[in-house]
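Please look over the chain shown below before reading on. The report that follows takes up its sheets, an annotated domain and a pocket.

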Amino acid sequence: MGDVGDPAIRVAVVGTGNAGRLALAQVIADPRFDLVAVGVHSPEKVGLDAATITGAADTTGVVATEGLDAVIAASPQCVVYCAMGDTRPIEATADVVRLLSAGIHVVGSAPGPLQYPWGAMPPKAIDKVATAALDHDAAVFITGVDPGFVSDLIPLAFSGTCQHVEQIRCMEIADYATYDGTEVMVDVMGFGAPLDQTPMLFLPGILGLAWGTSLHQIAAAMDVTIDEIVERHESEPAPEDFEVATGTIAKGTRAAVRFEIIGMVDGKPGIVIEHVTRLRGDLRPDWAQPAQPGGCYRVEITGEPSYRIDICPTSRKGDHNHAAIVAAAGRIVNAIPAVVAGPAGIRTTLDLPLISGPRLTPTALT
């Protein structure tokens with residue numbers, strides 16, 4: 001929390017689920033920021049101190065309120081928006097427009113298509129967001145892990161060392177058994193459901209909508225155009241009943257998925273996003289395997305030179321799933337100073353400066 005006269009940036013946090021709670025903890029602890037408000041959607045969190053929501057024992061004096069009214073009234077310079085966007089994209093976009101229209105910068109994890117909306121969102125929707133931002137001198141930057149830095153920053157940084165590039169493939173290979181986000185696991189991905197029941201993620205066009213942002217952003221950076229987005233997916237049933245964080249996965253129901261979102265360039269698969277998601281490590285051993293137990297992200301560049309980059313997130317406070325959410329939250333929060341200091345409009349990885357982390361604090365580690 002900043003003191004009177006401190007140049008800390010006034011920040012509010014909206015949405016305190018898996019990502020928002022971790023972002024909130026960083027905002028509280030980071031001297032670059034002054035937490036002024038917290039907006040929540042769960043009635044049971046209303047009135048709780050911000051620190052309590054993060055699981056900390058101390059207090060901040062900032063209590064959670066429902067919705068956006070009190071958040072806007074607190075006059076933050078920037079809002080960290082981590083409310084659910086996967087199942088409520090229209091509402092999340094409306095929230096962002098309302099915040100921008102109040103002259104408040106927005107960084108966050110949702111709505112995902114705003115990561116790089118051109119080619120992924122209807123032009124009218126893009127214009128609405130851009131107009132709100134430009135008319136009120138505010139900026140919005142939406143990102144995460146994937147879509148996010150694994151599928152924009154990392155491949156673009158390495159491609160910058162290549163003499164030529166033939167294909168870029170960005171992968172997530174992970175065991176989601178410990179991921180406790182029921183809405184994503186059950187409603188979006190369909191885990192625990194019969195294989196003949198199509199989950200939201202595999203409805204025609206949804207994969208392309210969710211990850212098309214990454215494809216189009218890489219394409220723009222590489223000076224090519226996506227001719228067509230091809231979606232492919234397959235599912236594997238559970239061989240027996242077993243338990244995961246969100247409940248029981250019954251025998252015969254969806255227990256692993258593999259999907260690809262392929263950006264065709266000149267009729268060939270130029271940019272590919274691939275996910276291999278298991279709820280048990282022994283399922284489909286023929287699919288890609290992670291570089292560390294539990295999961296990793298992988299970027300493969302075919303060219304001269306070619307690369308295989310494995311990103312293996314770990315955490316002192318949880319497993320690989322927790323570490324990945326920490327990374328998403330960290331990327332969002334660390335972008336606040338650059339977004340606040342930069343021009344108005346829809347910002348992306350392509351036009352932001354290099355985002356570094358918070359102040360280095362060495363320990364006794366050797």
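In what order do the seven strands of the open sheet run, and is their pairing parallel or antiparallel?

## Basis of the description

This is a predicted model, in which local features need pLDDT of at least 70 and side-chain atom pairs count only at pLDDT 80 or more, while totals for chains, interfaces and linings use all residues. Residues are numbered from 1 along each chain as its sequence is written, and side-chain values use heavy atoms, with hydrogens and water left out.

## The seven-stranded sheet

The order is E3-E2-E1-E4-E5-E6-E15, and the pairing is parallel. Strands (E, at least two residues) and helices (H or I, at least four) are DSSP runs numbered from the N terminus, and two strands pair if DSSP finds at least two bridges between them. At the edges lie E3 (64-66) and E15 (345-347), each of which pairs on one side only. From one strand to the next the twist averages 25 degrees, with axes fitted as lines to C-alpha atoms, for helices over the stretch in contact, and angles running from 0 to 180 degrees between N-to-C directions.

Strand E2 (residues 33-40) is joined to E3 by three bridges, and the two run parallel; here Gly-39 stands opposite Thr-65 in E3. Helix H1 (residues 18-29) packs on this sheet, where it touches E1 (9-14), E2 and E4 (78-81), and its direction makes about 155 degrees with that of E2; contact means heavy atoms within 4.5 Å.

Eight bridges join E7 (residues 164-175) to E12 (residues 268-278), which run parallel, and Met-171 stands opposite Glu-274 in E12.

An unreviewed UniProt entry carries the annotation "domain: 2,4-diaminopentanoate dehydrogenase C-terminal" for residues 149-355; such annotations may be inferred rather than shown by experiment. Over residues 149-355 the chain is 25% helix and 33% strand, with the end C-alpha atoms 11 Å apart.

## The second largest pocket

Of the 23 residues that line the second largest pocket, those closest to its centre are Gln-26, Ala-29, Lys-317, Val-326 and Pro-358. On a 1 Å grid over the protein atoms alone, a pocket is an open set of points where a 1.4 Å probe fits, with protein on both sides within 12 Å along at least five of seven lines, and lining residues have an atom within 4 Å of a point. H1 and H9 (320-334) each supply at least two residues of this lining.
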